[in-house]
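Good morning, and thank you for making time for this item.

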Amino acid sequence: MMAMQRPSIFDVAPSSSFKISFPRVIDAHVHVGRWPDFDLEFTLKDLEIVMAQYGIEGAVVMPALCGNRGKANKNLLRHIHGDPRFYFFAWVDPTTVISELEEYGDDVRGLKFHPSISRTSITESRMHSALEFADRHGLPFLYHSGRTPISWPDRLMAVADSYPKAKFIMGHLGGNAYDRIADTIRRWPTLPENVYVESSTARHPDLLVRAMEQWGDDRVLYGSDLPFTDMRLNWDCIRYAGLENDEGFLGGNLLRLLKNR
């Protein structure tokens with residue numbers, strides 16, 4: 001029996017039912033690197049192909065959150081250095097020290113923290129140095145929100161007021177699953193002034209619309225979480241939510257957060 005060829009991420013073409021005519025699109029959540037355990041690799045060249053295919057002008061890029069954090073950050077930064085399309089978010093965890101972040105200089109446009117992978121709550125004292133760095137420089141701080149309590153939004157909400165100059169971006173609409181997203185919307189009718197949300201892995205247009213209506217169209221950012229996503233679902237979710245012409249959601253809100261650095 002002939003082995004089936006695994007489809008490439010680049011075989012995922014835009015839906016034929018509509019023509020992409022979105023305004024400027026800046027993706028707020030992309031990972032570039034290699035995941036040996038998943039037999040997965042996604043390079044900058046791969047990202048450029050997707051960007052050309054879907055008309056994406058720029059992207060927040062972060063390394064694969066595996067292996068040596070310092071090496072992963074430096075390797076990605078070396079590849080994107082000087083390219084204005086890419087906004088580097090350094091991967092931070094409990095071992096991050098300020099001198100490491102300062103070494104990157106103005107190339108750091110934000111920070112990314114994944115509580116589940118780091119097995120550390122954002123409320124723990126070990127995360128203070130990274131949070132203080134984001135606060136001092138007015139940087140975006142992308143927080144993975146997932147399906148385990150250590151990654152739930154309540155941990156982020158508990159620290160947001162203590163770092164008022166940081167711009168917290170709550171990933172995956174606060175939950176990465178329907179029930180978690182719905183619970184986040186229910187529990188926080190309004191967001192703290194320095195907390196935003198991004199839409200990566202949101203697969204339900206109604207939830208995305210509810211988030212926009214409740215929190216405001218200036219507080220929600222478009223993100224894909226490439227390569228852990230299907231671009232057809234991303235685009236169709238945007239279309240069915242009626243957001244294909246929302247310039248703020250598709251990039252303007254993110255660019256506003258990035259302008260201070």
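This is a predicted model: local features need pLDDT of at least 70, side-chain atom pairs count only at pLDDT 80 or more; totals for chains, interfaces and linings use all residues.

The mean pLDDT of the protein chain is 90, and 90% of its residues reach 70 or more. Two segments call for caution. Over residues 1-7 the pLDDT stays under 50, and the model gives that segment one contact beyond four places in sequence. Residues 15-19 also stay under 50, and for them the model has six such contacts.

Let us turn to the overall fold. The protein chain has 10 helices and nine strands. Its radius of gyration is 17 Å, close to the 18 Å that the globule rule gives for 261 residues, so the chain is as compact as a globular protein of that length. The C-alpha trace spans about 50 × 40 × 40 Å along its principal axes. Of the contacts with a separation of 6 or more, 74% join residues 24 or more positions apart.

Now to the interior. Buried residues make up 57% of the 261 residues. In soluble globular proteins, nonpolar side chains tend to be buried together. Which residues have the most contacts inside the largest nonpolar core? That core has 68 residues, and those with the most contacts inside it are L47, V61, L111, I122, F141, F168 and F249. There is also a second, separate core of 13 residues, which includes V60, M62, Y87 and L258. To return to L47: leaving aside residues up to four places away in sequence, L47 touches V30, V32, F42, A59, V61, F86 and L226.

Helix α7 covers residues 178-187, and its buried residues are R180, I181, A182, D183, T184 and I185. What covers these buried residues of α7? The cover includes helix α6 (153-160), strand β7 (167-170) and helix α8 (205-215).

Finally, the cysteines. A disulfide is a covalent bond between the sulfur atoms of two cysteines. With a cut-off of 2.5 Å between cysteine sulfur atoms, the count comes to zero disulfides. As for setting, is C66 buried or partly exposed? C66 has a relative accessible area of 29% and is therefore partly exposed, whereas C237, at 5%, is buried.

Notes:
Residues are numbered from 1 along each chain as its sequence is written. Side-chain values use heavy atoms; hydrogens and water are left out. Buried means under 20% relative accessible area, exposed over 50%, partly exposed in between (1.4 Å probe, protein chains only). A nonpolar core is a set of buried Ala, Val, Leu, Ile, Met, Phe, Trp, Tyr and Cys residues joined through side-chain atoms within 4.5 Å. Contact means heavy atoms within 4.5 Å. Helices (H or I, at least four residues) and strands (E, at least two) are DSSP runs, numbered from the N terminus. pLDDT is the predictor's confidence in each residue, from 0 to 100. The radius of gyration is taken over C-alpha atoms; the globule rule is 2.2 Å times the number of residues to the power 0.38.
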